[in-house]
Amino acid sequence: RRAEGPEERRLLELFSYGLMAMGAVSALLLRFIPMPYGRYSSRRFGWLVPARPAWVLQELPSLLVPLGLAACGGAVAAARPNRVLLGCFLLHYAHRALIFPLLIREGKPTPFFTFVLALLFCAFNGYLQGRSLTTYATYPPGWLGGSRFITGFLGWLIGMAINIHSDHILRNLRKPGETGYKIPRGGMFEYVSGANFFGEILEWFGFALACCTIESFAFALCTLFILSSRARQHHKWYLEKFEDYPKDRKIVIPFLY
Ligand code: NDP
């Protein structure tokens, strides 16, 4: 029997504050240690898991957990706004867990520690967003036609398009068999070093506006903390590595940061 009710509602709220705190603490730690995967991958953080299976397995819980919750859901899960919002979340993770890993070329392997952290994060956040949208988030009639939903949905959509397009640019910097790094150019990379991260941040803030739940806002904030730290590391790394790196490029937020 599921523990549905005010106590679980309160628990999800506490988890959301926990997620925000975790994002802030991670951002602090990431000032000293680069997030150990990709170009900063290291055996110091455990044996290395090949990039493709690592991405599939670590991201899959964010797809399967909310799907399972939706399948067992009642009236809230069946409401149209809830189905649309959960659909946005699932679409992102269907791409991240099933399509993105097939597209990456010669990605660096992920240390076991990073892999486990990502897996736990995806299971936890999949539960948090899934449970919120299938059990507790209720919307007034006409929510899908209102300004908050429409603005948020557009932010989510544009963010996802920027994220996918920027990852496509990165992927195509290498010729088959190459493993080195080049200066990314085109698209949002003309403005920021972390164009793929900017897209993902925009996506989850748009989602949070469309959902208007503490759970979705906590996820957006956590994404901002973590991905802006990774973008800052990449930016610094590019400036050290390439003398001709464009000096007017910002870190992750166009024209601002
Ligand atoms: P990176 O930008 O570090 O790398 C993405 C891919 O592009 C890797 O395969 C990488 O190769 C390659 N690449 C990156 N830069 C270059 C370059 N200059 N020249 C050649 N190849 C390059 O992104 P992440 O791996 O950190 O993230 C991948 C996706 O996952 C992003 O869309 C990101 O938004 C998302 N993500 C979301 C998180 C969240 O909290 N929601 C957390 C982390 C990631 P290599 O592996 O060899 O470095």
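1. Cysteine 212 sits in the loop that joins α8 and α9 (helices, H or I with at least four residues, and strands, E with at least two, are DSSP runs numbered from the N terminus). Its phi is near 50°, a positive value in a residue other than glycine. Cysteine 212 has 15 other C-beta atoms within 10 Å, so it is partly exposed. The scale used here calls a residue buried if 20 or more other C-beta atoms lie within 10 Å of its own, exposed if 12 or fewer, and partly exposed in between, with C-beta atoms placed from the backbone.

2. A word on the model before going on. It is a predicted model, in which local features need pLDDT of at least 70 and side-chain atom pairs count only at pLDDT 80 or more, while totals for chains, interfaces and linings use all residues. Residue numbers start from 1 along each chain as its sequence is written.

3. The axes of α8 and α9 come within 8 Å and cross at roughly 170°; axes are lines fitted to C-alpha atoms, for helices over the stretch in contact, and angles run from 0 to 180 degrees between N-to-C directions. α8 and α9 are therefore roughly antiparallel (angles under 35 degrees count as roughly parallel, over 145 as roughly antiparallel, 65 to 115 as roughly perpendicular and the rest as oblique). From α8, the contact includes Phe197, Ile201, Trp204 and Phe205, and from α9 it includes Phe217, Phe219, Leu224 and Leu227. Two residues are in contact if their C-beta atoms, placed from the backbone, lie within 7 Å. By class, this contact of α8 with α9 divides into 13 nonpolar, 2 polar and 2 charged residues. Here Ala, Val, Leu, Ile, Met, Phe, Trp, Tyr, Cys and Pro count as nonpolar, Asp, Glu, Lys and Arg as charged, and the others, Gly among them, as polar.

4. Helix α9 also packs with α1 (residues 6-29), at an angle of about 10° and with the axes 8 Å apart. These two helices are therefore roughly parallel to each other. Among the α1 residues in the contact are Leu12, Glu13, Leu19 and Met20, and α9 brings, among others, Ile214, Phe219, Cys222 and Phe225. The contact of α1 with α9 has 13 nonpolar, 4 polar and 2 charged residues.

5. The crossing of α3 and α6 is right-handed (a crossing is right-handed if the near helix is turned clockwise from the far one by less than a right angle, and left-handed if anticlockwise). Residues of α3 including Pro61, Val65 and Leu69 meet residues of α6 including Leu119, Cys122 and Tyr127. By class, the contact of α3 with α6 has 9 nonpolar, 6 polar and 1 charged residues.

6. Within α3 (residues 61-71), the buried residues are Pro61, Ser62, Leu63, Val65, Pro66 and Leu69. These buried residues pack against α2 (51-59), α5 (80-103) and α6 (112-136).

7. The ligand is next. There are 21 residues around the ligand, and Gly38, Gly107, Leu170, Tyr181 and Glu200 come nearest; a residue is near a molecule or strand if its C-beta atom, placed from the backbone, lies within 6 Å of it. The elements that give two or more residues to this shell are α7 (147-171), α8 (195-211) and α9 (214-241). The shell has 8 nonpolar, 5 polar and 8 charged residues.

8. Isoleucine 162 belongs to helix α7. It counts as buried because it has 21 C-beta neighbours inside 10 Å. Leaving aside residues up to four places away in sequence, isoleucine 162 touches Met188, Ala195, Phe198, Gly199 and Leu202. From isoleucine 162 to glutamate 13, 149 residues apart along the chain, the C-alpha separation is 30 Å.

9. Finally, the segment after α9. Tyrosine 245 is found there, and is partly exposed with 14 other C-beta atoms within 10 Å. It touches Ile183, Tyr238 and Leu239, not counting residues up to four places away in sequence. Tyrosine 245 and leucine 11 lie 234 residues apart in sequence and 47 Å apart in space, C-alpha to C-alpha. Phenylalanine 255 is in the segment after α9 too. Phi of phenylalanine 255 is near 70°, a positive value in a residue other than glycine, and phenylalanine 255 is exposed, with 8 other C-beta atoms within 10 Å.
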